[in-house]
Amino acid sequence: MNSAPIGIYDSGLGGLSVWREVQRVLPGESLVYLGDGKNCPYGSRSREEIVRLAGQAVAELVARGCKMIVVACNTATAAAIGFLRDQYAPLPIVGMEPAVKPACLATRSGVVGVLATERSLDGDLFRRTARRYGRGIEIVAVPGTGFVELVENNRETTPEAEAVVRRAVEPMLARGADQIVLGCTHYPFLRPVLERIVAGRNVGIIDPSPAVARRVGQLLDRYDLHAEAGHRPVYEFLTFADEQYRLRLEEKVLNVG
């Protein structure tokens with residue numbers, strides 16, 4: 001048993017969608033969330049820069065005694081997960097898997113849409129997953145241009161958000177996509193907008209966050225890392241930005257759902 005916290009890291013606010021699922025599945029665990037904020041968004045940065053930023057973030061969480069790390073950022077996972085696992089072995093580190101497999105298994109039309117950042121779509125992880133599970137499936141991959149900025153600026157419910165999401169999604173729908181993968185942890189905050197756009201089309205929307213939370217639970221079981229019985233969980237929020245941004249993390253997490 002181990003009552004140390006689980007560390008959860010993202011470029012900004014988006015990983016709170018993963019925080020929500022981990023907290024729901026594992027309500028007895030303490031959590032430390034680090035939303036970089038200062039360097040967000042990561043999507044168009046070089047791989048080398050993302051590896052450096054991810055290394056700094058995980059070092060901070062390790063210094064705070066975290067027993068496991070969740071890289072709740074698809075872009076950082078794609079660029080840096082191998083480096084992080086080598087650097088911090090044997091610490092368990094969970095990354096974001098592109099949810100292409102469940103989308104390909106669920107499609108009826110044979111067309112799957114993937115929304116993700118440029119860096120994620122250009123990464124080996126996405127390409128390997130698409131090749132492995134996308135045989136005979138048309139995968140329409142589109143960068144969610146502007147999505148992260150909408151979430152970071154609390155503009156998810158604006159007419160601008162609907163226009164930005166529609167611009168990305170309409171080409172997928174025109175090709176016949178009946179499954180859409182949310183390939184960035186910021187994107188679930190735009191799910192209500194996406195659901196309005198696809199309403200009546202019988203399109204599934206796949207968020208990998210619940211699967212990540214289940215994986216965290218499995219690793220806690222495997223390594224006997226669950227918090228002790230009676231442990232009162234503590235939630236802490238950190239950032240490399242300013243105090244105002246840190247307070248926004250706390251405020252945002254009260255409104256995720």
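Q: In which helix does Thr129 lie?
A: Thr129 belongs to helix α6, which covers residues 124–133; helices (H or I, at least four residues) and strands (E, at least two) are DSSP runs, numbered from the N terminus. This is a predicted model, in which local features need pLDDT of at least 70, side-chain atom pairs count only at pLDDT 80 or more, and totals for chains, interfaces and linings use all residues. Residues are numbered from 1 along each chain as its sequence is written, and side-chain values use heavy atoms, with hydrogens and water left out.

Q: Why is Thr129 called buried?
A: The relative accessibility of Thr129 is 10%. Buried means under 20% relative accessible area, exposed means over 50%, and partly exposed lies in between (1.4 Å probe, protein chains only). Thr129 therefore counts as buried.

Q: With which residues is Thr129 in contact, leaving aside its neighbours within four places in sequence?
A: Thr129 is in contact (heavy atoms within 4.5 Å) with Pro98, Val100 and Gly134.

Q: What makes Lys67 and Glu29 a salt bridge?
A: Their closest N and O atoms are 2.7 Å apart. A salt bridge requires a side-chain nitrogen of Lys or Arg within 4 Å of a carboxyl oxygen of Asp or Glu, so the pair qualifies.

Q: Why does the pair of Lys67 and Glu29 tie together parts that are apart in sequence?
A: Lys67 sits in the loop between α2 (47–63) and β3 (68–71), while Glu29 sits in the loop between α1 (16–25) and β2 (31–35), so the pair ties together parts 38 residues apart in sequence. Both Lys67 and Glu29 are buried.

Q: Why is Arg64 called partly exposed?
A: Arg64 has 39% relative accessibility, and therefore counts as partly exposed. Glu60 counts as partly exposed because its value is 28%. The side chains of Arg64 and Glu60 form a salt bridge, with 2.9 Å from N to O.

Q: How far apart are the closest N and O atoms of Asp178 and Arg108?
A: The closest N and O atoms are 3.5 Å apart, and the two residues form a salt bridge. This pair links distant parts of the chain, 70 residues apart: Asp178 is in the loop between α8 (159–174) and β7 (179–182), and Arg108 is in the loop between α4 (100–106) and β5 (111–116).

Q: Why is Asp178 called buried, and why is Arg108 called exposed?
A: Asp178 has 5% relative accessibility and so counts as buried. Arg108 reaches 53%, and therefore counts as exposed.

Q: How many salt bridges does a search of the whole structure find?
A: The search finds 19 salt bridges. Glu162, Arg166, Glu170 and Arg196 are linked in a network of such bridges.

Q: How many cavities of 30 Å³ or more does the structure hold?
A: The structure holds two. A cavity is a set of points on a 1 Å grid over the protein atoms alone where a 1.4 Å probe fits but cannot get out, and lining residues have an atom within 4 Å of a point. Volume is the space filled by probe spheres set on the points, which are joined across faces, edges and corners.

Q: What makes up the lining of the largest cavity?
A: Its lining divides into ten nonpolar, four polar and no charged residues. Ala, Val, Leu, Ile, Met, Phe, Trp, Tyr, Cys and Pro count as nonpolar, Asp, Glu, Lys and Arg as charged, and the others as polar. Helix α3 gives the most to this lining, with three residues.

Key: On a 1 Å grid over the protein atoms alone, a cavity is a set of points where a 1.4 Å probe fits but cannot get out, and a pocket is an open set with protein on both sides within 12 Å along at least five of seven lines; lining residues have an atom within 4 Å of a point.
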